[in-house]
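This report describes the fold, the packing and selected side-chain interactions of one protein chain. Please keep the sequence and the three-dimensional view at hand while reading.

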Amino acid sequence: MDRNADLSVRTCPTGSRVLVHLDPGLQETPNGIILPPDAQQITRHGLVLAVGPDQYTVSPGDRILIELHAGTEVGWLKNTPVLLVEAKDIVAILSQPLEQ
């Protein structure tokens with residue numbers, strides 16, 4: 001699978017599921033040490049790309065916080081995972097991006 005394919009175009013969630021592009025994790029420590037991709041922690045918040053027909057809480061473009069182990073990885077976009085998440089696993093809608 002192409003890790004940079006545009007999944008929002010070809011993936012349409014069903015029911016109350018949401019397609020979420022996770023924000024990239026910390027790529028550099030506060031001391032300036034650059035972390036390799038395997039050592040970077042992926043955050044559990046991201047951007048909603050698409051929503052299912054039964055999802056009324058969030059809309060595409062919203063930033064959300066999700067449960068730690070929520071979602072099914074369905075691909076990659078800009079070298080970060082894209083997840084299909086159940087509505088019950090959405091913890092909060094963020095009004096602005098979280099500080100890392």
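In which sense do β4 and β5 pair, and over how many bridges? The two strands pair in the antiparallel sense, over 5 bridges. Within this pairing, Thr72 stands opposite Leu84 of β5. The model examined here is a predicted one.

## Overall architecture

The protein chain contains 1 helix and 6 strands. Along the sequence these elements follow the pattern α-β-β-β-β-β-β. Of the 100 residues in the protein chain, 35% are buried. Among contacts between residues at least 6 apart in sequence, 62% join residues that are at least 24 apart.

## The sheet

The 6 strands form an open sheet with antiparallel pairing, in the order β4-β5-β1-β2-β3-β6. Its edge strands are β4 (72-77) and β6, each of which pairs on one side only. Averaged over the sheet and with direction ignored, neighbouring strands are turned by 40° against each other.

Two further pairings can be followed at residue level. Strands β2 and β3 run antiparallel and are joined by 3 bridges; here His45 has Leu65 of β3 as its bridge partner. Strands β3 and β6 are likewise antiparallel, joined by 4 bridges, and Ile64 has Ile93 of β6 as its bridge partner.

In soluble globular proteins, nonpolar side chains tend to be buried together. In this model, the largest nonpolar core has 11 residues: Val18, Val20, Leu22, Val48, Val58, Ile64, Ile66, Ala70, Leu83, Val85 and Ile90. At least two residues of this core come from each of β1, β3 and β5. The strand that gives the most is β1, with 3 residues.

With neighbours within four places in sequence left aside, Leu83 is in contact with Val18, Leu19, Val20, Leu22, Arg44, Ile66, Ala70, Thr72, Glu73 and Val74. A second, separate core has 5 residues, among them Leu19, Leu49, Leu77 and Val82.

His21 is located in strand β1. Is this residue, His21, buried or exposed? His21 has a relative accessible area of 13% and is therefore buried, the limit being under 20%.

The side chain of His21 is joined to that of Thr80 by a polar contact of 2.6 Å. When neighbours within four places in sequence are set aside, the contacts of His21 are Gly46, Leu47, Leu49, Leu77, Thr80, Pro81 and Val82. Leu49, Leu77 and Val82, listed among these contacts, also belong to the second core.

## Salt bridges

How many salt bridges does the structure hold? It holds 3 salt bridges. One of them pairs Glu86 with Arg17, with the closest N and O atoms 3.2 Å apart. Glu86 lies in the loop between β5 (80-85) and β6 (90-94), and Arg17 lies in the loop between α1 (7-10) and β1 (18-22), so this pair ties together parts of the chain that are 69 residues apart in sequence. Glu86 is partly exposed, with a relative accessible area of 28%, and Arg17 also counts as partly exposed, at 30% relative accessibility.

Asp23 forms a salt bridge with Arg63, and the closest N and O atoms are 2.3 Å apart. This pair, too, links distant parts of the chain: Asp23 is in the loop between β1 and β2 (45-51), Arg63 is in strand β3 (residues 63-66), and the two are 40 residues apart. Both Asp23 and Arg63 are buried.

Another salt bridge joins Lys88 to Asp89, with 3.5 Å between the closest N and O atoms. Lys88 has a relative accessible area of 67%, which means that it is exposed, as the limit for that class is over 50%. Asp89, by contrast, is buried, with a relative accessible area of 15%.

Notes: Residues numbered from 1 in each chain as written. Predicted model: local features only at pLDDT ≥ 70, side-chain atom pairs only at ≥ 80, totals over all residues. Heavy atoms only, no water. Salt bridge = Lys/Arg side-chain N within 4 Å of Asp/Glu carboxyl O. Buried < 20%, exposed > 50% of the residue type's maximum accessible area, 1.4 Å probe, protein only. Polar contact = N/O pair within 3.5 Å; in protein donor to acceptor, adjacent residues only side chain to side chain. Contact = heavy atoms within 4.5 Å. Core = buried A, V, L, I, M, F, W, Y, C linked by side-chain atoms within 4.5 Å. Pairing = 2+ DSSP bridges. Axes fitted to C-alpha atoms, helices over the stretch in contact; angles between N-to-C directions.
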